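Trainee: I am new to this structure and would like to know what lies behind the terms used for it. Please take me through a few of them.

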Amino acid sequence: MTRLLLFLCLAFSPSLSAAPFWIWPEKEAKGTIKFSRSFEVPQNFQSARLRAAGDFASIRISLNDKWIIESPAFGKLIDLDVSTKLKPGKNTIRIESTAADGPSALGLELKLTGAKGKSQLVATDLNWNCSAGKLKRTGKLALEKWWTAAGIHITETDDYNQWEEAKTAKAGADPKSFFTQPGFEVELLKNSGKGEGSWISCAFDPEGRLSIGREDAGIWRFTFSKKGGAISKSEMINRTLKENRGLLYAHGALYVNANVSKGIYRLRDTNGDGKFDEEKLLRATPGGVGHGRNALALGPDGLIYAIMGDSVQLPKDGGDYTSPRRRNQKVFRPNEGHVLRFNKDGQLPEVFCGGLRNPYGIHFNADGEAFTFDADAEFDMGAPWYRPTQVKHLTRGADFGWRAVTGSWPPYFPDHPDNAQPVLDIGKSSPTGVKFGTRSHFPADYKRAFFILDWTYGRILAVHLAPNGSGYRGRAEVFLRGRPLNVTDLDFGPDGAMYFVTGGRGTQSALYRVRYNGPQTQPPAQSEQQVARKLTSHLLRVERKKAADLSVNIPTGIYHQDPLIRYTARIVLEHKKQIAFIARDRDSFITLATAQSAGGRSPYLLDKLQSSSLISFSEPQLLEMINLFSAQAKTLKDAAPLRKFFPSKSEAVNRQLALLLIRLGDARATGIAMKRLREANTSQDKLLYLFALRNAEHGWTRELRREFFLQLAAARQSRGGRGLPGFINKIHKDAVSHLPEAEKKALAKDIALKPQLPPLPDLSERKLVKAWTMKDFEGELKLPPTFTAGSKLFNQALCSRCHRVGNQGFALGPDLTQVGSRFGARDLLEAILDPSKAVAENYQTHILTLTDGRILAGMIVPQLDYRARSLLIAPNPLDAGKTIEVPKKELKSHKRSAASLMPPGLVNTLTRAEVLALVAWLQNGGR
């Protein structure tokens, strides 16, 4: 069954493209433009990854006439595994696109990887068919680093707790053991000595000296020798301020964000003797100290920007550029991560943006735009409301939606369409300092890069960004990595080198320098697309900043195509007491409706929503409308216009409609949500539908209720953060509380069900029939029309020991419920008879070598809590419930084997008719 796990290998067509180009019709075209390309996919490919982007254009993509994803104009980079969408033989990819004002173009690549690791691309070029006539190329995507960057990936074998090795270390890690990008070299300049403390921040002063903030109290200053190769002088320049996370030299002073001292301070040398003799508290910042007072940055406007975590209280004085209507929302807390800006004397304080969790760093790029790297909520890992670590573009008035309420119930969904959107999801990491490479001597791509520090995994990531309207999009890669390398902050020195420090939580600290010694090459000339994009984006950023003017009565930005400009104008509109509702198109309608919705429920607004024609709305627009109805609707009648969209081809729409319609008492939605639960491909999606259904009052049958509790029991196999078991328990408690007493008695066994490995079947009467091979099934494969014995055969062939179909089995390997919709009968049969012919990466055998010399082989059991200290490896697929716990710190090396864990010959005790009956049962999803 592993080939289901796993995807067919490819004999590639010689006509496929070598690299993607930006393409667009030569002649101007209005309305929807259609692009298409066909390609051959023979048997046995292992994986297929699709990446796509529209530049000033929306894109809607389908494979084999099945819609897969839609991105609006100015949307993010699309990056998807589409292995399950392909089939042997002819495949066709189609794109529907609509231009926005600007240099419109689209680019796409579909990377097909064979069993031996060979790959080839299906990519946009002049050979694509286009409904608007002849195509032109406006640039090669391979010239753009944000497209070609390798990406980042943390696996189950990566040790989140490796930072603890620095607790007992006597010195910083040896740079010779580090991974770095080609051409860069790292040197260890200084270890923290006795009494020098653990280091958490750093900044160069105007004279080229490096100041380092201590975790306990005080600030060090290191002077370098004239040749820059050694530290010639060390001195303590402050002893009183505690836990100095933010250091900034500006306006002839040193500004300090002192976390434990709970304030922003200014240090000045008033007599010119090189010592700070004046220490002044500019602003007290009450609140906790966990997610506390973090970095400082000097903005292009000459103001100072301080970034705070969600332990710090929002200020009660000064201005606030975020929406004044936020306090009317259901979820509001007086403390949240935010950016506070003020002048050189600490006066005229303003909340620049909010809704952050625990961003440690803040910095401005060459365009004068601010960015940060924000933390996740590890408690929620594995839940559908979990938000990963993210790179965020900080704009005036932005609200990223986080409130300090993790662990609450009902769960808090921090992400809504009306929030400011992140630039990039990073995933598993622990954010600390950030800096753009603008002042570096690095090559052009890295001079423009946004360097972000990951404390726990010991990484410096380079985020390569490209303008995207008035905002940005990008992709990250690992720039540097070591162990242990608990990086806390970085800065660029007068020599153009990167300097970074390690430390935190009382660990051994060190100072390192990164220099580029590779060949000096000229960056390639920018393509036509890049040049046009850069100019247009500059103009749009100017428009966005104009749209933030609070003195304008009716901000015209609400009618702009750029979503970030509309967002900025909407926040300004929400500062007004009266909102004129004059929409010109769907986007301005949504913008104006969202501004009104922020003030609370409105019969007038509900009438507007109900009278809108939703049939032509795009997926992103429909999601925004669902969000608006969620805020306005009290009854099912209120949300009636949405019922026709459930179910939708879009799983994102299905998830949101399930939450809304079931809450409003839609009996029809219960059955649809149960079907979506049954067919969900991820544990997070399954948990979302379980959550949505837990309070459903209508639309149940006895069998649907039984299936609900079976699915809920299976969900207990999911692994995640500390909150996940409690979330599942609360779903169970709520669901039981909504059962009539008669149902509680009838379903008592199902309600009490716990996940367990199916018992071994009695095979004493079974004897070897034949060692079946594909040669025994040559010719037409006729499946039986009835296959009632399929469920029993699924157990007898021991498939249920590792796989689940519907509610039957144990999900160590892939869930096979929907496998019949993706694979033909012959493909299923071959996967059963020859499981190692093609093994998907997720289900390959892992071979672990431990520090004590032991070698273990098996399948690593996924744990959504990436902070787990141990791996779980299942060495025997026929006894999947038994796992071996391996501490990650004892892992010496790790590799994958092409062999499947699934042993061959499991159906050799079945007759030919029984083998075909099993295949037919799987094809029909176990029904």
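**Terms and the values behind them**

Mentor: Five strands form an open sheet in the order 12-34-33-32-31, with antiparallel pairing. Strand 12 (179-180) and strand 31 are at the edges, each with a single partner strand, so one side of each has no neighbour in the sheet. The model is predicted: local features need pLDDT of at least 70, side-chain atom pairs count only at pLDDT 80 or more, and totals for chains, interfaces and linings use all residues. Residues are numbered from 1 along each chain as its sequence is written, and side-chain values use heavy atoms, with hydrogens and water left out.

Trainee: What makes strand 32 and strand 33 a pair?

Mentor: Two strands pair if DSSP finds at least two bridges between them. Strand 32 (residues 450-454) and strand 33 (residues 459-468) have five bridges, in the antiparallel sense. Strands here are DSSP runs of E with at least two residues, and helices are runs of H or I with at least four, numbered from the N terminus. Opposite Leu 453 stands Ile 460 in strand 33.

Trainee: Why is Ser 430 called buried?

Mentor: Its relative accessibility is 16%, and buried means under 20% relative accessible area (exposed is over 50%, partly exposed in between; 1.4 Å probe, protein chains only). Ser 430 therefore counts as buried. Ser 430 sits in the loop between strand 30 (424-427) and strand 31 (431-436). Leaving aside neighbours within four places in sequence, its contacts (heavy atoms within 4.5 Å) are Tyr 160, Leu 453, Asp 454, Trp 455 and Thr 456.

Trainee: Why does Glu 743 count as buried?

Mentor: Glu 743 has 13% relative accessibility, so Glu 743 counts as buried. Glu 743 belongs to helix 15 (residues 741-746). Not counting residues up to four places away in sequence, Glu 743 touches Arg 702 and Arg 705.

Trainee: Why are helix 10 and helix 11 called oblique?

Mentor: The axes of helix 10 (residues 651-663) and helix 11 (residues 667-679) cross at roughly 140 degrees and come within 10 Å. Angles under 35 degrees count as roughly parallel, over 145 as roughly antiparallel, 65 to 115 as roughly perpendicular and the rest as oblique. Helix 10 and helix 11 are therefore oblique to each other.

Trainee: Which residues of helix 10 and helix 11 meet?

Mentor: Glu 651, Asn 654, Ala 658, Leu 661 and Ile 662 in helix 10 meet Ala 669, Ala 673 and Arg 676 in helix 11.

Note on methods:
Axes are lines fitted to C-alpha atoms, for helices over the stretch in contact, and angles run from 0 to 180 degrees between N-to-C directions.
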